Structures are given as C-alpha cells and as structure tokens.
Amino acid sequence: NESSLALLERTNAPMKGNEDAKVTIVEFFDPACGTCRQFYPLVNRIMKLHPGKIKLVKRYAPLHQGSDQVVKMLEAAHLQGKFWPAVELLYTNQNAWVQHHVAQPELALTLLAKVRLDPVKFSADLQSEAVTNAVLKDVNDGKLLKVRATPQFFVNGKPLINFGYEPLVELVEEAIAQAY
C-alpha cells in the first residue's frame with residue numbers, strides 16, 4: 001500500500017545499484033548484527049545476477065545496544081561518500097567492536113579511521129541535526145513498518161515474510177519478472 005511504500009523511502013539514504021532500476025530492495029540493518037554481516041555478500045550476489053535491474057537501499061535499525069552511535073558514524077561517513085567502505089570495514093571487523101551482541105562505539109570509531117574521512121567534517125556531522133534526523137527517520141519508519149529484527153528486507157514494498165536467503169532470492173526474482 002502507498003503509506004508503507006512512503007515509509008520505505010528516505011531521501012539520500014545510502015543506495016547502490018542502478019538508480020533507475022525497477023526493483024528496489026530496502027534493507028533495515030544494524031551494523032552490529034551478525035546476520036546482517038552474513039547477508040551482505042549474499043545481497044551483492046543477487047545484484048550481480050541481475051545487473052542493472054536492482055537498487056539496494058540501506059536503512060538504519062540500531063537494535064543492538066550501542067548501535068545507535070555506530071549508525072550515526074555510518075551516516076556521517078555517508079555524507080562524505082564513504083558509506084559503503086565504512087559499512088564493509090565494520091562488517092569485516094565486526095568481532096573487534098561487537099562484544100556479546102553489544103556494540104562498542106569507541107572501537108568502531110577507531111576502525112573507521114582507516115576509511116580516510118575528513119576528521120573535522122566527520123566530527124561536526126556526528127553532532128549534526130542532519131545525521132540525527134536521518135537516523136531518527138529510519139528508526140521511526142522501521143517501527144511503523146514493524147521491523148523487529150535485522151536484517152529486514154522489503155522488495156518493491158513487499159516484506160520478506162519467511163526469513164532466509166532462498167526466500168529473498170524468490171521474492172527478488174518474482175519482482176523482476178513482474179517489473180521487466
């Protein structure tokens with residue numbers, strides 16, 4: 001329905017793939033979530049199988065303790081065009097900054113130094129209303145869309161009901177068949 005489709009979109013949310021693709025995967029994710037880390041290469045694989053037909057939009061759902069600070073870092077990196085290297089770095093080194101399912105923001109921050117962000121801009125953006133509002137919008141939209149666990153995928157507005165790689169592939173292929 002229209003209202004839930006509106007909730008899936010956020011202007012300037014991190015996106016990759018073909019901007020004009022007819023199939024949109026929206027993923028609500030938490031960088032401290034192990035399942036999100038496992039799904040990251042799987043979603044990339046689905047996109048490679050259907051070149052140009054899919055765009056992926058990432059939305060923040062900081063459900064783990066401490067993640068609220070880390071998603072602000074990702075959004076601040078995004079404002080410098082470095083979201084994807086930052087999220088990949090955090091996933092690759094997840095065991096270094098997530099302990100017992102609790103995010104350690106100061107350890108994540110140390111890691112992100114490798115992404116070569118402008119430290120002055122990064123520091124200012126972390127405190128900015130723009131970053132706070134972007135994260136807040138994702139959290140609020142996620143609540144309205146009943147996102148209770150991560151990753152939560154929506155394909156062209158349809159939620160993935162039975163969680164798993166195969167069901168996600170089926171939902172994407174169904175959407176591609178309808179759209180193209």
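This is a predicted model: local features need pLDDT of at least 70, side-chain atom pairs count only at pLDDT 80 or more; totals for chains, interfaces and linings use all residues.
Residues are numbered from 1 along each chain as its sequence is written, and side-chain values use heavy atoms, with hydrogens and water left out.

**Helix α6**

- Pro105, Ala108, Leu111 and Leu112 are the buried residues of α6, where buried means under 20% relative accessible area, exposed over 50% and partly exposed in between (1.4 Å probe, protein chains only).
- Viewed down the axis of α6, these buried residues fall within an arc of 115 degrees, so they line one face of the helix; the arc is that of the directions from the helix axis to the C-beta atoms.
- The buried residues of α6 pack against α3, α4 (83-92), α5 (94-97) and β5 (102-103), contact being defined as heavy atoms within 4.5 Å.
- Helices (H or I, at least four residues) and strands (E, at least two) are DSSP runs, numbered from the N terminus.
- Thr110 also belongs to α6, but Thr110 is exposed, with a relative accessible area of 57%.
- The C-alpha atoms of Thr110 and Ala32 are separated by 15 Å, and the two residues are 78 apart along the chain.

- Arg116 has a positive phi of about 60 degrees although it is not a glycine, and at 72% relative accessibility Arg116 counts as exposed.
- Most residues other than glycine have a negative phi, and most peptide bonds are trans.
- Asp118 caps the N-terminal end of α7, with a side-chain oxygen 2.9 Å from the backbone nitrogen of Val120.
- Within α7 (residues 119-126), Phe122, Asp125 and Leu126 are buried.
- Seen down the axis of α7, its buried residues fall within an arc of 100 degrees, so they line one face of this helix.
- The cover over the buried residues of α7 includes α3 (67-78), α6 (105-112) and α8 (129-144).

- Lys143 is found in α8 and counts as exposed at 60% relative accessibility.
- Lys146 lies in the loop between α8 and β6; Lys146 has a positive phi of about 60 degrees although it is not a glycine, and counts as exposed at 53% relative accessibility.
- Thr150 is placed in the loop between α8 and β6 (152-155), and counts as buried at 14% relative accessibility.
- Not counting residues up to four places away in sequence, Thr150 touches Phe28, Phe29, Asp30, Cys33, Thr35, Cys36, Ala61 and Leu63.
- The peptide bond from Thr150 to Pro151 is cis, with omega near -10 degrees, and Pro151 lies in the loop between α8 and β6.

**Largest pocket**

- The largest pocket has a volume of about 150 Å³; a volume is the space filled by probe spheres set on the grid points, which are joined across faces, edges and corners.
- On a 1 Å grid over the protein atoms alone, a pocket is an open set of points where a 1.4 Å probe fits, with protein on both sides within 12 Å along at least five of seven lines, and lining residues have an atom within 4 Å of a point.
- Residues lining the largest pocket include Leu8, Arg10, Met15, Lys55 and Val57.

Technical notes: A polar contact is a pair of N or O atoms within 3.5 Å; within protein, one must be able to donate a hydrogen and the other to accept it, and residues adjacent in sequence count only if both atoms are side-chain atoms.
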